[in-house]
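This briefing covers helix packing and model confidence. Please keep the structure in view while reading.

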Amino acid sequence: MKFKLFSKLGSLAGTELVLFLIAIAVFAALLIGVLDYRSRVRKGLVKPAKLTTRALVYGAMCMTLSFVLSYFKLFSMPFGGSITLLSMLPLMLFACAFGPKMGFIAAFAYALLQIVQGAWIVHPVQFVLDYFAAFLCLGIPAFFPKNLPLGVAVGGFARMLVSIVSGAVFFADGGLDYGIANPWVYSFLYNFLTIGVDTVLCLIVAFIPKVKKLTGLMR
């Protein structure tokens, strides 16, 4: 496992660099728009937007922020998997605020972005598990609208369990290089040190009172 926050950003080039810059620009534009809109609503200059419009705007903003944060990899494992800078949290906040339908739609769209960012594929079933099934778990906090930390914990560890199954079945030989013959033990350790730690970091931040209040502010 290597610390590579700045080396990853410094190595961006081509399509990946363009996507990263576009994502930052989109997030900045959406954030400015949301702040301006909220200011106008408080001053009585405009009427509050309908739920669907508000959900689409916040969904795009949270999905874009998660995508940007996914480039900030604190640590990265040799065969894929990393600890990011809270990249799961914005999407989980959105799901918690707007419910299952919007939450899972945003999670599915985020899965597509992750595939564009760079997919590691060895088998069609592994592809579905690691990208669609795993990232759809980020919509699970929608079932815990009044308890963001619980939603983050359940969603994050559900994603980890999906990746454990994928790792044990499709990357069974990976543990032999580390003296671990049991593929389930290896997959658990590998994914706990990446997705598990990532989830714990998101959970710690989710307990911050001001962060928990964000779900109410978005509604």
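At what angle do helix 6 and helix 7 pack, and how far apart are their axes? Helix 6 (residues 148–170) and helix 7 (residues 183–206) pack at about 160 degrees, with axes 8 Å apart. Helix 6 is therefore roughly antiparallel to helix 7 (over 145 degrees).

This is a predicted model: local features need pLDDT of at least 70, side-chain atom pairs count only at pLDDT 80 or more, and totals for chains, interfaces and linings use all residues. Residues are numbered from 1 along each chain as its sequence is written, and side-chain values use heavy atoms, leaving out hydrogens and water.

**Helix 6 and helix 7**
- Their crossing is right-handed (the near helix is turned clockwise from the far one by less than a right angle).
- The contact residues divide into 18 nonpolar, seven polar and one charged.

**Helix 4 and helix 5**
- The axes of helix 4 (residues 89–118) and helix 5 (residues 124–136) come within 7 Å and cross at roughly 140 degrees.
- Contact (heavy atoms within 4.5 Å) involves residues including Phe104, Phe108 and Ile115 of helix 4 and Phe127, Tyr131 and Phe135 of helix 5.
- By class, this contact has 12 nonpolar, two polar and no charged residues.

**Confidence**
- Mean pLDDT (the predictor's confidence in each residue, from 0 to 100) is 84 for the protein, and 89% of the residues score at least 70.
- Confidence is highest in helix 6, at a mean of 94, and lowest in strand 1 (residues 2–3), at 52.

Notes. Axes are lines fitted to C-alpha atoms, for helices over the stretch in contact, and angles run from 0 to 180 degrees between N-to-C directions. Helices (H or I, at least four residues) and strands (E, at least two) are DSSP runs, numbered from the N terminus. Ala, Val, Leu, Ile, Met, Phe, Trp, Tyr, Cys and Pro count as nonpolar, Asp, Glu, Lys and Arg as charged, and the others, Gly among them, as polar. Angles under 35 degrees count as roughly parallel, over 145 as roughly antiparallel, 65 to 115 as roughly perpendicular and the rest as oblique.
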